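Thanks, everyone. I have one model to show today, and I will keep it brief.

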Amino acid sequence: MTFVRYHVRHETLYQYDQVVGESHHLLRLTPRALPWQRNLEHHLAISPEPSARRSFLDCFGNRITKIHFTGDHEYLEIVSEFWVELRDRPKPSAAAAKVPWEAVRDSLRYRADRKFPPDHLQATAFRFVSTNVPIDSQYAAYAREAFLPGRPLVEAADALMRMIHRDFSFDATATETFTPVEQAFKARRGVCQDFSHIMIACLRSVGLAARYMSGYILTHPPEGKERLVGADATHAWVAVFVPDFGWLELDPTNAVRPDLEHITLGWGRDFSDITPMRGVLLGGGDHEPEIAVTVVPEAEFSSLYGDGETYLEELST
């Protein structure tokens, strides 16, 4: 079995225009423990020191760190760093990969006398309209090119992923964090968040269960160029429910099935459930975060950060 290790550093800095008198924040910056993902070490540095801090799991099982400030502060800096080990993700069995998509759709439909198996019952939470993902006939119509009658779900979902990759252009200037899905869908432009929301809208609009995946992806610098600190970003992709297997992950931005280069923070119904950081402030004025993300393979760590043991010692003090 293949395995790889990565170091991830996610820096967020708010410089407030006005003093903040009090604030509450929810941080989703801890990678999930999964059969194919092991969190080796995680440090979360917060400055200034919060008045209160606690950790808990949300309804999807994502780790949340809740922080509360009661004193005046003019900035907020949060640095999340961790080492993670990835192994090959499981693949659907031959039998699971052959199940027609209509059979899966029908198995998730509500019926008064139906008793859902536990995995189907859990999946139904990801079938419906959510804050950022509508269900509409225009998304079902677009998906019909992939979801042909009798086609296996796994094959159809793969085809939909590749359609979105083919038909939509990556454009970081085309949308903002809360741009409606319909706008990105009509413009045929956007970023990973938009493409994931669009794919989820298509899957749910034909009656399937799909969830929003949040995390990081290893990027590759141009040939002949060195990896730069802070040049990466958070990433988003999709998972669709496949009976007798679980959740099949698909990345429409890159037209690949996530494996050894996708690091999972968590998942939800859409972006609003798994935002890396959200908060409520008293004061602050206008402020935009400065965000820098660096994903580094273990083999490149020393060339970028120097001696690993010394680095971690300094980090933990």
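This is a predicted model: local features need pLDDT of at least 70, side-chain atom pairs count only at pLDDT 80 or more; totals for chains, interfaces and linings use all residues.

The protein chain carries eight helices and 13 strands. Its radius of gyration is 21 Å, close to the 20 Å that the globule rule gives for 317 residues, so the chain is as compact as a globular protein of that length. Along the principal axes, a box of roughly 60 × 45 × 40 Å holds the C-alpha atoms.

Now the interior and the surface. Of the 317 residues, 50% are buried. If we take contacts with a separation of 6 or more, 75% of them join residues 24 or more positions apart. The accessible surface is about 15,200 Å², and carbon and sulfur atoms account for 52% of that. As for charge, there are 33 positive and 44 negative side chains, with the centres of the two sets 11 Å apart.

Next, helix α4, which covers residues 153-167. From first C-alpha to last, α4 reaches 21 Å over its 15 residues, close to the 21 Å expected at 1.5 Å a residue.

Which residues of α4 are buried? They are L153, V154, A156, A157, D158, A159, L160, M161, M163 and I164. Note that an aspartate, D158, is on that list.

And what do these buried residues pack against? Among the helices, the partners are α1 (101-108), α3 (137-143) and α6 (192-205). On the strand side, they are β9 (234-242) and β10 (246-250).

That is what I have; I'll take questions.

Note on methods
Residues are numbered from 1 along each chain as its sequence is written. Side-chain values use heavy atoms; hydrogens and water are left out. Helices (H or I, at least four residues) and strands (E, at least two) are DSSP runs, numbered from the N terminus. The radius of gyration is taken over C-alpha atoms; the globule rule is 2.2 Å times the number of residues to the power 0.38. Buried means under 20% relative accessible area, exposed over 50%, partly exposed in between (1.4 Å probe, protein chains only). Contact means heavy atoms within 4.5 Å. Accessible areas come from the Shrake-Rupley method with a 1.4 Å probe; for residues, only the protein chains shown count as cover. Lys and Arg count as positive and Asp and Glu as negative; His and the chain ends are not counted. The place of a charge is taken as NZ of Lys, CZ of Arg, CG of Asp or CD of Glu. The expected span of a helix is 1.5 Å times one less than its number of residues.
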